[in-house]
Amino acid sequence: KQIALAKPADKERGGSVKLFGWSPDDHYLAFSTIQDGGKNRHVSICDGMTGKETSSFDAPQPVEKGAWLTANSIVLIDNSHKLFLFNLEPDTHLGQFGKKGLVQLRQLDRTGGWLVPDSGRSVAYVEQGNVWYLEIPDNRATQLTHLTNSALAWLDYSAANNKYLFEATEGDSKQRQIYQWDPRAAETPLIPLICTNYEVNEIGRA
């Protein structure tokens, strides 16, 4: 079924539609589209069974990435490096950020980007060349990795083993290295993985 119609992207854009995937309960599909003004700001949430739009809003700036936090909430980051949360319905577990609709979590610096929910109340993101963890109800951010002069290309998280995976280059090196971060490993939580002949696909996973 056709569920949306977006204006075409120009040559400098990656596409007129950005998919944020299915909600954890497979009920809703979330995505952003280019509408009037030529900017990717319009976010839609559709019913997965009928294809009908159940909710939508316009973000203040073009949306870069989004992901479902829970079946009720989506985390988003825009091109001004602001981190947002959109709640379909109020959620008291999220504290001051649990009201219905769009709420801003925090402003990241210009290096801020990539985001992956790692629980129903927290999200990991990249800033200053490192991985950070944000506990949403307390609005408390903790730096997980401590790389120096690094640039991270992507970030992923596995709920099955509670480990993070990301790709980074350090210093002046052009060599890309895949790292695993294990919060439960007290002595060596950061482990470089030896991978040969790998390629990164279009969603940024090895």
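Trainee: Before we look at sheets, what makes two strands count as a pair?
Mentor: Two strands pair if DSSP finds at least two bridges between them. Keep in mind that this is a predicted model.

Trainee: Fine. What is the order of the open sheet that holds β13?
Mentor: The order is β13-β14-β15-β16. That makes 4 strands, with antiparallel pairing.

Trainee: Which strands are at its edges?
Mentor: β13, residues 150-158, and β16, residues 190-193. Each of them pairs on one side only.

Trainee: And how many degrees does the twist average there?
Mentor: From one strand to the next, the average is 25 degrees.

Trainee: New topic. What is the strand order in the open sheet with β5?
Mentor: β5-β6-β7-β8. This open sheet has 4 strands and antiparallel pairing.

Trainee: Why is one side of β5 and of β8 left without a neighbour in the sheet?
Mentor: They stand at the edges. β5 (63-68) and β8 (101-107) each have a single partner strand, so one side of each has no neighbour in the sheet. The twist in this sheet averages 25 degrees from one strand to the next.

Trainee: What joins β6 to β7?
Mentor: 5 bridges, with the strands running antiparallel. β6 is residues 73-78 and β7 is residues 82-87. Ser73 has Asn87 as its bridge partner in β7.

Trainee: Now the largest nonpolar core. Which residues touch the most other members?
Mentor: Val75, Leu83, Leu85, Leu115 and Ile136, out of 17 residues in that core. The elements giving two or more residues to the core are β6, β7, β8, β10 (122-127) and β11 (130-135).

Trainee: Take Leu115. What is it in contact with, leaving aside neighbours within four places in sequence?
Mentor: Quite a list. Among the contacts of Leu115 are Val75, Ile77, Leu83, Val123 and Tyr125. Lys65, Gly66 and Ala67 are also in contact with Leu115.

Trainee: One more residue. Is Leu29 buried or exposed?
Mentor: Buried. Its relative accessible area is 14%, and the cut-off for buried is under 20%. Leu29 is found in strand β2, residues 28-34.

Trainee: Which residues is Leu29 in contact with, beyond those within four places in sequence?
Mentor: Ile3, Gly21, Trp22, Ser44, Ile45, Cys46 and Trp68.

Trainee: And what separates the C-alpha atoms of Leu29 and Thr54?
Mentor: 9.9 Å, with the two residues 25 residues apart along the chain.

Notes:
Residues are numbered from 1 along each chain as its sequence is written. This is a predicted model: local features need pLDDT of at least 70, side-chain atom pairs count only at pLDDT 80 or more; totals for chains, interfaces and linings use all residues. Side-chain values use heavy atoms; hydrogens and water are left out. Axes are lines fitted to C-alpha atoms, for helices over the stretch in contact, and angles run from 0 to 180 degrees between N-to-C directions. A nonpolar core is a set of buried Ala, Val, Leu, Ile, Met, Phe, Trp, Tyr and Cys residues joined through side-chain atoms within 4.5 Å. Buried means under 20% relative accessible area, exposed over 50%, partly exposed in between (1.4 Å probe, protein chains only). Contact means heavy atoms within 4.5 Å.
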